[in-house]
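Dear colleague,

Please find below the structure that I am handing over to you.

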Amino acid sequence: MTDHTLHLRPDELDLLLEGRLPSSRTSHIETCEECRTALDELRDVVAQLNALPALEPPAGFSEFVMASVRVAPLPVGQHLTADDLDAWLAGALHQEGRNHLWACAECRQLADAERALVYRLEQLPLFQPGARFEERVMAKVAIPQSWRSRIFASRRSVALAAGLGSLVVGSMGASVAWSLTHQDTLAALGTWATTVATQWTLAAAQGVGSRILAQPWVLELRSAASPGRIAALTAVATALYTGGLFAMRRLLALPAPRVARALP
Amino acid sequence: MAEPRELATLTDQEVVALARDGREAAYRELIRRYERPVFSLVLRMVRDRQLAEDLSQETFIKALNAIGSYRPEYKFSSWIFKIANNAAIDHLRRRELDTLSLDGAPHAATPGEIEATALQVGDKGETPLEELEARELGSAIERAIAQLRPEYRACILLRHVEGLAYEEIAQSLDLPLGTVKTYIHRARHELRDLLAHLKQ
């Protein structure tokens with residue numbers, strides 16, 4: 001049964017006649033007798049209008065109009081460009097161009113030919129692919145599943161998701177409840193952990209320090225060290241560091257823009 | 001869940017968003033919206049119904065399987081026409097001989113040889129499919145379009161048959177805007193010349 005709320009509106013019938021109605025609406029005409037009748041009537045009216053004879057204006061009409069119009073055409077030899085013709089087809093040609101078109105038979109002929117061609121191109125129909133095209137495509141399309149549809153895919157997945165959810169929520173609730181009722185235990189645990197960690201860190205630092213000091217090269221270094229040598233080493237290290245900084249700055253600086261010179 | 005009738009009222013971007021959400025009806029709506037425009041473009045590019053169906057099918061499968069990588073700032077129509085045109089152009093490049101045959105064999109030197117070796121679309125309507133193709137593509141303007149270079153053909157079809165703006169065509173074909181305009185102007189010029197005999 002035809003759904004009468006879907007009837008084609010007059011503007012949609014116009015578009016259908018021009019072959020520009022979206023495919024989502026054209027299918028309606030195949031099943032609706034009423035809309036088909038309306039379309040046939042409209043087609044008859046358009047055909048009759050197209051068949052009306054073109055009336056000739058009275059003699060001297062063009063001369064009379066041209067005598068009354070101030071035309072400022074484009075300079076001689078400067079015909080309309082392809083972009084101008086595009087603009088004219090879209091009804092957006094500037095006044096100067098329109099004046100030129102009025103005065104220049106060559107451009108007028110070209111513009112008329114363009115308009116006729118574009119009209120013919122726009123009348124070309126759209127073709128329908130073969131039957132079951134949609135099904136053939138859909139058979140090879142992998143539709144991504146959202147997490148919601150994955151959960152509700154089967155009873156088993158719903159049960160699994162519910163079980164996991166209960167486990168997570170239950171364990172979180174239980175840990176919160178235990179923490180609230182055993183705050184003293186938690187505080188004692190924290191103090192014990194801090195003390196043990198500090199002791200371990202100090203013991204480790206002491207162990208590493210004593211091992212380094214026991215190395216023979218450390219002993220040699222200590223015996224060879226004098227205030228003068230330490231000062232010299234410090235000076236060399238500072239000079240190397242400063243030199244490195246300057247080198248890095250030069251390397252990272254942006255190149256200076258080259259200026260084109262007219263003369264050598 | 002949105003019904004197909006409700007989907008018809010949504011914009012392309014909204015339907016794509018639903019498709020990304022895993023709604024099968026949204027996928028079907030996108031196919032329904034673009035099956036005729038895409039198929040028509042490809043058919044006019046390759047001028048073989050069966051091949052056009054295969055390439056259109058390939059286009060939709062590729063586009064819909066990659067819907068996650070579609071960037072919503074571009075029009076969906078530009079995106080799908082880009083995939084369809086690439087499929088058609090790739091095919092024409094692979095089968096260069098097929099397209100050349102429309103203009104006559106490569107070795108044809110004289111106008112007589114060119115005419116003799118040119119493919120006359122629709123003049124061998126022996127099977128029902130060929131008869132259908134002849135009806136669809138046999139008009140003078142369809143024959144004239146077939147004689148354009150593939151790049152011109154794609155531009156003129158997207159502009160005047162599918163109704164895309166110049167910017168959308170540039171996006172679809174990965175061409176600079178100026179090149180698209182030039183191609184369309186030249187295509188119209190060639191079509192006018194090719195159809196001039198009809199006026200005489």
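**Findings for chain B**

In chain B, buried residues account for 34% of the 200 residues. Please note that this is a predicted model.

The secondary structure of chain B consists of twelve helices and zero strands. Read from the N terminus, the order of elements is therefore α-α-α-α-α-α-α-α-α-α-α-α. Of the contacts in chain B between residues at least 6 apart in sequence, 55% connect residues at least 24 apart.

**The nonpolar core**

The largest nonpolar core contains 48 residues. Those with the most contacts inside it are L30(B), V42(B), A84(B), C155(B), I156(B) and A187(B). At least two residues of this core come from each of helix 2 (12-20), helix 3, helix 4, helix 5 (76-94), helix 10, helix 11 (166-173) and helix 12 of chain B. Helix 3 of chain B contributes the most to this core, with twelve residues. As for A187(B), once its neighbours within four places in sequence are set aside, its contacts are L148(B), Y152(B), C155(B) and I156(B).

**The contact between the chains**

Chain A provides 29 residues to the contact and chain B provides 32 residues. On the side of chain B that touches chain A, two or more residues come from each of helix 3 (24-46), helix 4 (49-65), helix 10 (150-161) and helix 12 (177-199) of chain B. Helix 3 of chain B gives the most to this side, with twelve residues. By class, the side of chain B that touches chain A comprises 13 nonpolar, eight polar and eleven charged residues.

Methods
Residues are numbered from 1 along each chain as its sequence is written. Chains are lettered from A and ligands numbered from 1 in the order in which they are written. This is a predicted model: local features need pLDDT of at least 70, side-chain atom pairs count only at pLDDT 80 or more; totals for chains, interfaces and linings use all residues. Two residues are in contact if their C-beta atoms, placed from the backbone, lie within 7 Å. Helices (H or I, at least four residues) and strands (E, at least two) are DSSP runs, numbered from the N terminus. Ala, Val, Leu, Ile, Met, Phe, Trp, Tyr, Cys and Pro count as nonpolar, Asp, Glu, Lys and Arg as charged, and the others, Gly among them, as polar. A nonpolar core is a set of buried Ala, Val, Leu, Ile, Met, Phe, Trp, Tyr and Cys residues joined through C-beta atoms within 7 Å. A residue is buried if 20 or more other C-beta atoms lie within 10 Å of its own, exposed if 12 or fewer, and partly exposed in between; C-beta atoms are placed from the backbone.
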